[in-house]
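Morning, everyone. Please have the model up on your screens. I will walk through two spots.

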Amino acid sequence: MTRLLQELLKNIRSYDNTKKRRIVRWMQKWGILKSRMQCPKCNRSMRLEKCDRSDGLRWVCKHHKSSPLSVRNGSIFTNSHTPLVKWLEFMYRFAQGLQLKQLAMINDGIAGSSKTLTRMTKVLRKVCIAALKRLRIRGMRIGGQHRFVVIDESKFAHKRKYHRGRCGNTWRRKRQWVFGMLEVDGLSRRPILRLVKDRSRQTLISKIQRHIRPRTSILTDEWRAYNRQLSQYGYRQYSVCHKRHFVDPGTGAHTQHIERAWQNYKLEIWRRRGNRTTESLKTHLKMIEWHHWLGVRHYDGVLGRLIHDVKKHVKTI
Ligand SMILES: [Zn+2]
């Protein structure tokens, strides 16, 4: 599917009505546009009719010809004026994680303004976050016997406005702690990243119990609140002081995995300006989880997964 989409986008330099129609058919085949529509007035099935405006096709009922419906009806594209081919191109880039540089995308003609792009990004993020929510309901747990999980906390700073009487507002950095649990299995990574209100033993141990299976080998830094406590809860704990050793010679335990992962996550969030507010930080942490738990694990790659999740948002009736 990814390859097909690439081909499609490559050959789409001139964008006429025939190509528009082809794109609608493709999106219907993938299930991200409805392939059947019922007339809202008489419930009879509608049929696709050619038109020269917007998407090249529209739904009509032979009994109510005066009220056609858009092919976007019931899909995530309903409230958008962006051509569908541009949406596909945007989804392709979104899945590739191409830093989503707005200026570059405006230059490439994907959208006319950064406002539109922001709106499009929001739509796709909502789709991903809904998919992640379904996964969370099923349970996101990592580890198990003979499995390694590295845990650590890290500060993600963002600026916060303080109201200070007549002096006006001042900006201060707010430190936000993120508790990370990372399963390392060969090249595969499964991160669970949660904002925590404090770093007390109670808070962190409840997160650990919720997300890490018993008998997991847990790697921690030497200086943690939960230090030497985890064996009470049925885990095997290895403490590594990463200031001195990257690899504990006794256990071969790597805390550098999480060090590196933290750096990447922070860099990504910083690049996307995701740490401005708590809400946006949460969204970005979820997007990182979506990428590692769902995106890269799909047989058809990240784009395949994105299309799969968009499909879930298409109304059935
Ligand atoms: Zn009708």
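Start with Tyr-92. Its relative accessibility is 17%, so Tyr-92 counts as buried. Buried means under 20% relative accessible area, exposed means over 50%, and partly exposed is in between, with a 1.4 Å probe and protein chains only.

A word on the source. This is a predicted model: local features need pLDDT of at least 70, side-chain atom pairs count only at pLDDT 80 or more, and totals for chains, interfaces and linings use all residues. Residues are numbered from 1 along each chain as its sequence is written, and side-chain values use heavy atoms, with hydrogens and water left out.

Back to Tyr-92. It sits in helix H3, residues 84-96. Helices are DSSP runs of H or I, at least four residues; strands are runs of E, at least two; both are numbered from the N terminus. What does Tyr-92 contact, leaving aside neighbours within four places in sequence? Leu-5, Gln-6, Leu-9 and Leu-303. Contact means heavy atoms within 4.5 Å. Val-302 is 210 residues from Tyr-92 along the chain, yet their C-alpha atoms are 9.0 Å apart.

Now the zinc ion. Cys-39 (SG), Cys-42 (SG), Cys-61 (SG) and His-64 (ND1) coordinate it at 2.2 to 2.3 Å. Donors are N, O and S atoms within 2.8 Å of the metal (3.2 Å for Na, K and Ca); water is not among the atoms, so sites may look incomplete. The spacing in sequence is C-x2-C-x18-C-x2-H. Cys-42, in the loop between helix H2 (17-29) and strand S1 (47-50), and Cys-61, in strand S2 (residues 57-61), are 19 residues apart. Cys-42 is partly exposed at 22%. Cys-61 is buried at 2%.
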